Amino acid sequence: MPVPVPGKPTVPILPYSYLVGQDALRMCLELSYIEPGIGGLLITGERGTAKSTAVRAFSRMMFGALPVTLPINATDDRVLGGWRIDALMAGETRQQPGLLEEANKTGLLYVDEVNLLDDHLVNLILDVASTGVLNVQREGLDRPEVPVRFSLVGTMNPEEGGLRPQLLDRFGLLVPITTETSALVRRRVVETVLRFQQEKDAPKSSWLVKGNLFDRRRRLELKEARRLVRKHEIPGDIVELSATIAAEFGVAGHRGDIVTALAARAHAALRGWENTTTVADVRAVAPYALAHRLPEAAFGEAIEWTEDDQKRLDEITAG
């Protein structure tokens with residue numbers, strides 16, 4: 001895949017390394033990349049909290065390009081692929097690849113406002129992302145199974161409606177984003193945005209070149225973590241702990257247990273394999289693997305990991 005070249009003119013994007021705050025979001029983006037088996041990431045939060053900025057910066061860093069973005073009004077043929085209209089009008093039949101195949105080439109599919117899409121489209125995208133296989137059988141178009149591989153990231157503003165529990169469960173991790181409350185962090189956000197606005201139009205910007213070099217270093221670290229992660233078995237006690245936590249929290253199904261264990265191993269890789277996957281890794285990822293699978297979420301209540309939930313997690317993992 002193409003790699004960003006420091007100093008080369010491209011669409012101006014704030015370097016990932018210059019993002020301020022939102023540590024949980026950055027961690028979950030990186031975990032989802034390191035371990036594709038996690039099954040994608042859903043980002044929830046109010047507007048203006050840099051959700052799109054973070055996703056685009058991450059995509060540019062890891063894949064050298066902006067993510068393929070699914071529009072809200074996307075149709076089945078635009079997502080899956082179909083026939084080219086201009087060719088049909090000329091009496092010819094030519095296939096038109098869909099956005100899922102385009103995402104396979106670039107590496108990341110970004111579904112903004114996923115809660116505003118038709119449920120059947122969301123379910124279809126999640127199916128392809130989890131199986132890695134695109135099978136198109138529609139409108140006289142019968143294509144063999146096409147292998148696809150991409151990272152899936154969705155965003156949504158809960159104020160504009162939610163997703164059905166069945167669809168929420170299909171996203172491996174969910175990270176809630178809130179407005180930064182620290183005056184110091186908010187000041188750094190403003191300073192960074194103003195600096196970027198100034199530097200992005202400069203013929204040569206040492207500030208942007210430096211940020212791209214930081215990104216390149218981080219990209220290499222994450223690629224190495226992804227290469228090595230499956231060479232390390234998840235210890236039996238970590239598997240047992242992941243299952244115990246899910247059972248204690250009343251999580252339906254087994255996807256939450258599996259994602260917790262996979263994300264814990266990816267978190268161990270993220271911190272550099274100091275030894276092996278530990279209880280601390282489980283504790284770090286469990287809120288993002290389980291919050292949207294709690295019984296409350298299934299009944300349409302707000303998705304949140306409360307202080308009481310955290311205390312309960314700490315008690316379980318302390319034993």
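Start with contacts along the chain. Take the contacts in this protein with a separation of 6 or more: residues 24 or more positions apart account for 76% of them. Keep in mind that this is a predicted model. The protein has 14 helices and 11 strands. It has 319 residues, and 47% of them count as buried.

The largest nonpolar core holds 60 residues. Ile 34, Phe 58 and Leu 173 have the most contacts inside that core. Which helix gives the most to it? That is H11, residues 255-270, with 8 residues. There is also a second, separate core, with 29 residues. Among them are Ala 74, Ile 125, Leu 134 and Val 146.

Back to Phe 58. Set aside its neighbours within four places in sequence. Phe 58 is then in contact with Tyr 16, Leu 29, Glu 30, Tyr 33, Leu 108 and Leu 222.

Phe 58 is one of the buried residues of helix H2. Look at that helix next. H2 runs over residues 51-63, which is 13 residues. At 1.5 Å a residue, H2 should span 18 Å. The C-alpha atoms at its ends are 18 Å apart, so the two values agree. Is H2 mostly covered or mostly open? Mostly covered: 11 of its 13 residues are buried. After H2 comes Gly 64, with a positive phi near 75°.

What does H2 pack against? One partner is helix H1, residues 23-34. The angle between H1 and H2 is about 40°, and their axes lie 11 Å apart. An angle of about 40° falls between the 35 and 65 degree limits, so the pair counts as oblique. The crossing of H1 past H2 is right-handed. Which residues make the contact? From H1, they are Leu 25, Leu 29, Glu 30 and Tyr 33. From H2, they are Ala 54, Phe 58, Met 62 and Phe 63. As a reminder, an α-helix has 3.6 residues a turn, so residues three or four places apart point the same way.

Last stop, Ala 225. This residue is in helix H9, residues 206-229. Its relative accessibility is 6%, so Ala 225 counts as buried; the cut-off is under 20%. Leaving out residues up to four places away in sequence, Ala 225 touches Ile 34 and Ala 269. Then there is Glu 35, 190 residues away along the chain. The C-alpha atoms of Ala 225 and Glu 35 are separated by 9.0 Å.

Key
Residues numbered from 1 in each chain as written. Predicted model: local features only at pLDDT ≥ 70, side-chain atom pairs only at ≥ 80, totals over all residues. Heavy atoms only, no water. Core = buried A, V, L, I, M, F, W, Y, C linked by side-chain atoms within 4.5 Å. Buried < 20%, exposed > 50% of the residue type's maximum accessible area, 1.4 Å probe, protein only. Helix = DSSP H or I, 4+ residues; strand = E, 2+ residues; numbered from the N terminus. Contact = heavy atoms within 4.5 Å. Expected span 1.5 Å × (residues − 1). Axes fitted to C-alpha atoms, helices over the stretch in contact; angles between N-to-C directions. Parallel < 35°, antiparallel > 145°, perpendicular 65-115°, else oblique. Left-handed = near helix turned anticlockwise from the far one by under 90°.
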